[in-house]
Amino acid sequence: MKKIRNLCLILLLSIVTIFCVTACNPNSNGDGGGDNPSNRKVSFEITVDASKVSVDASAISVCVYSLDGTLVVEKKLSRSKALFELDADSYVATLSGLSDEVSYSSVLLTKSSKKATIVLENTEYDKNSEAYEFVFTVFALPGEIKLDDLDVQVCDDSMCKTVWFEDGNTVNLNIKAGKYLIKVGVYTDDGLNELYKKDYTITLDRRFCIVDVTNEQVL
């Protein structure tokens, strides 16, 4: 009888030891929140500066898109800010709930640039086209290709507008909402070769365009 009690005690202590090791070691399985990069979340913060315009901030939402143009999350502003917990990646933040009388530039969020401010301004009226225009951002991600080697054109039914990269790979263009054809060429020793072509629709709630030529091959 005494041996049975001792065996039971040893068995109980073994179960308690195994339980403690499992519970106290978060890296013992994939669900323990270890250093797996694929599960790591990053905090991003967007601030909206509406000091130059008269708008209802409670009606504004911040929309975060992946670089392939997919909407990841949309959140209402809280005291002019929106906070997001997202996978460690790059995103584009834009706004919804604004009229065409308000302009702003979309912003790029990255693992090294997790905070950004979107400034709202009054849209300038274009007397020639009799339409309001707004600013949107073109993000060019050329990989190993130099920006100086690229020829970027934003075209509608009537004309093409050249994108000049003067400071980094982000450019603000003053164009209207509508459908555009984005064309990218690269200058080589043989001249200008077409590298990328994509139809893009710019709307009041999607005021950005992502040009990603990292995986394209020069013809």
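Start by selecting C209, which counts as buried at 1% relative accessibility; buried means under 20% relative accessible area, exposed over 50%, and partly exposed in between (1.4 Å probe, protein chains only). The model is predicted, so local features need pLDDT of at least 70 and side-chain atom pairs count only at pLDDT 80 or more, while totals for chains, interfaces and linings use all residues. Residues are numbered from 1 along each chain as its sequence is written, and side-chain values use heavy atoms, with hydrogens and water left out.

Strands (E, at least two residues) are DSSP runs, numbered from the N terminus.

Now centre on I182. Leaving aside residues up to four places away in sequence, I182 touches Q153, V154, Y196, K197, K198, Y200, C209 and V211; contact means heavy atoms within 4.5 Å.

**The hairpin.** Strand 16 (residues 178-188) and strand 17 (residues 191-202) run antiparallel and are joined by eleven bridges; two strands pair if DSSP finds at least two bridges between them. Two residues lie between these strands, which form a hairpin. T188 stands opposite G191 in strand 17.

**The disulfide.** Move to C155 and C160, joined by a disulfide with S to S at 2.0 Å; the cut-off for the sulfur pair is within 2.5 Å. The structure holds one disulfide. Its S-S torsion is about 110°, so the disulfide is right-handed. C155 is buried at 6% relative accessibility, whereas C160 is partly exposed at 37%.

Finish with the four strands in the order 3-2-5-7, an open sheet with antiparallel pairing. Strand 3 (71-76) and strand 7 (107-109) stand at the edges with a single partner strand each, so one side of each has no neighbour in the sheet. Between them, strand 2 and strand 5 (residues 91-96) pair over six bridges in the antiparallel sense. Here S61 stands opposite S96 in strand 5.
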